[in-house]
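Biologist: I would like to learn how to read a protein model. Please show me the structure and take me through some of its features.

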Amino acid sequence: MRLVIAECQVDYTGRLTAHLPWARRLIIVKADHSVSVHADDRAYKPLNWMSPPCTLTVREPAADEAAAVDSVDSRISQVWEVDSPGGDHLQILIGEVDLDVTEDLGADPGLQKDGVEAHLQELLAENPETFGAGWTVVRREYMTPIGPVDLLCRDAEGTYVAVEVKRRGEIDGVEQLTRYLDLMNRDHLLGDHVDGVFAAQQIKPQARTLAQTRGISCLTVDYDALRGMDHPEDRLF
C-alpha cells in the first residue's frame, strides 16, 4: 500500500464529471491498483476513487498542461493518470509532497463475519428457494479478483446471480456487490450477464434506492423463519 499526502487537483471523467480544486489530501494506492483520494473528514469515504481493475501511469507534466492550470504551474511535480477498462479516467495533478511511503501489508485473512451473518449465509445456501422457485446454489464464497461474493446462484432461467449477504444492509454492501458484479460481468465463463441480489435482515432505504439504480434486487430475509424458529401455529394473529 502506498500513502501519499500532497497538494493535489483531481478531475474525473466517465459516466459523469467531477472536479476537486487544489488542496492538501491523502492519496491511497492499494495492491489491487485501486486509487482513492481522501480529505480529513467523511470517515473512511473517499472524495473520489477508481476501483480495480484499473491502471496508474505517473508522468511529468507537459508544458502546456501546467500553463492551463491557473497560475499554479510551479506546483505541479507529477501527473497521475488512472484509467479503467470501461473508459473512466481520473487525473491527479500532484504538487508539494509531504509524505510518500509504501508498505507491504502482506496477505489479509479477510473479514470474519459475525455469527448471525455467517449463519444467514449458510441458511440461504441450504434454502435457495428463498430467492425464488427453481433457484440453485452453484458455490459459496465464489472468488473474484477482489474478494469472494457470498453466494453464486442460478435462477430458474439459468442466469448466474451473485448474492451478497449482510445482517444489516447498508450502502457499503451495495457498493461491494457492485464491484463484484463489474468484474463478474467481464467473465465470459459466467455468460452474457450476471444479476445481483442484496440480501439482509434489514435494508436501509438509502441502500435499497442505490441498489435499484444499479439494477440490483433486494431481499429482506427472516432469519428466525430460516432457522425454523418461526411457528405460525403459535401465533394469535
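**Reading the model**

Modeller: Val-161 is buried, with a relative accessible area of 2%. Keep in mind throughout that this is a predicted model.

Biologist: Where is Val-161 placed, and which residues does Val-161 touch, leaving out those up to four places away in sequence?

Modeller: Val-161 sits in strand β10. Leaving out residues up to four places away in sequence, Val-161 touches Trp-135, Leu-151, Leu-152, Cys-153, Asp-155, Val-194, Asp-195, Gly-196 and Val-197.

Biologist: Is Asp-40 buried or exposed?

Modeller: The cut-off for exposed is over 50% relative accessible area. Asp-40 has 83% relative accessibility, so Asp-40 counts as exposed. Asp-40 lies in the loop between β3 (35-38) and β4. From Asp-40 to Arg-25 is 15 residues in sequence and 7.4 Å in space, C-alpha to C-alpha.

Biologist: What share of the residues of the protein count as buried?

Modeller: Of the 237 residues, 37% count as buried. The secondary structure consists of five helices and 12 strands. Among contacts between residues at least 6 apart in sequence, 51% join residues at least 24 apart.

Biologist: How should I read a helix?

Modeller: An α-helix has 3.6 residues a turn, so residues three or four places apart point the same way. Now take helix α3, which runs over residues 171-184 and has 14 residues. From its first C-alpha to its last, α3 reaches 20 Å, close to the 20 Å expected at 1.5 Å a residue.

Biologist: Which residues of α3 are buried, and what covers the buried residues of α3?

Modeller: The buried residues are Gly-173, Val-174, Gln-176, Leu-177, Tyr-180, Leu-181, Leu-183 and Met-184. Their cover includes the strands β8 (136-144), β9 (147-154), β10 (160-169) and β11 (195-203), together with helix α4 (205-213).

Biologist: How should I read strands?

Modeller: In a regular strand the side chains alternate between the two faces of the sheet. Here, start with β1 (residues 2-13) and β2 (residues 17-29), which pair in the antiparallel sense over 11 bridges. These two strands form a hairpin with three residues between them. To find the pairing on the model, look for Asp-11, which stands opposite His-19 in β2.

Biologist: In what sense do β1 and β7 pair?

Modeller: β1 and β7 (residues 89-102) pair in the antiparallel sense, over 11 bridges. Ala-6 stands opposite Val-97 in β7.

Biologist: How many bridges join β6 to β7?

Modeller: Six bridges join them, and the two strands run antiparallel. Asp-83 faces His-89 of β7 across this pairing. The hairpin of β6 and β7 has five residues between the strands, and Gly-87 in this hairpin takes a positive phi near 100°. β6 (residues 78-83) also pairs with β5 (residues 55-59), in the antiparallel sense over five bridges. The bridge partner of Thr-57 in β6 is Glu-81.

Biologist: Which residues other than glycine have a positive phi?

Modeller: Two examples will do. Phi of His-33 is near 80°, and His-33 lies in the loop between β2 and β3. Glu-141 has a positive phi of about 55°, and its place is in strand β8. Glu-141 is partly exposed, with a relative accessible area of 34%.

Biologist: What is the peptide bond from Pro-52 to Pro-53 like, cis or trans?

Modeller: That peptide bond is cis, with omega near 0°. Pro-53 belongs to the loop between β4 and β5.

Biologist: How should I read a pocket?

Modeller: Rolling a probe the size of a water molecule over the atoms shows where empty space is left. In this model, the second largest pocket has a volume of about 860 Å³. Of the 26 residues lining that pocket, the closest to its centre are Arg-15, Asp-88, Thr-178, Asp-182 and Arg-214.

Biologist: Which element gives the most to the lining of the second largest pocket?

Modeller: α3 gives the most, with five residues. β4 (48-50), α3 and β11 each supply at least two residues of that lining. By class, the lining has 10 nonpolar, eight polar and eight charged residues.

Terms used. Residues are numbered from 1 along each chain as its sequence is written. This is a predicted model: local features need pLDDT of at least 70, side-chain atom pairs count only at pLDDT 80 or more; totals for chains, interfaces and linings use all residues. Side-chain values use heavy atoms; hydrogens and water are left out. Helices (H or I, at least four residues) and strands (E, at least two) are DSSP runs, numbered from the N terminus. The expected span of a helix is 1.5 Å times one less than its number of residues. Buried means under 20% relative accessible area, exposed over 50%, partly exposed in between (1.4 Å probe, protein chains only). Contact means heavy atoms within 4.5 Å. Two strands pair if DSSP finds at least two bridges between them. On a 1 Å grid over the protein atoms alone, a cavity is a set of points where a 1.4 Å probe fits but cannot get out, and a pocket is an open set with protein on both sides within 12 Å along at least five of seven lines; lining residues have an atom within 4 Å of a point. Grid points are joined across faces, edges and corners, and a volume is the space filled by probe spheres set on the points. Ala, Val, Leu, Ile, Met, Phe, Trp, Tyr, Cys and Pro count as nonpolar, Asp, Glu, Lys and Arg as charged, and the others, Gly among them, as polar.
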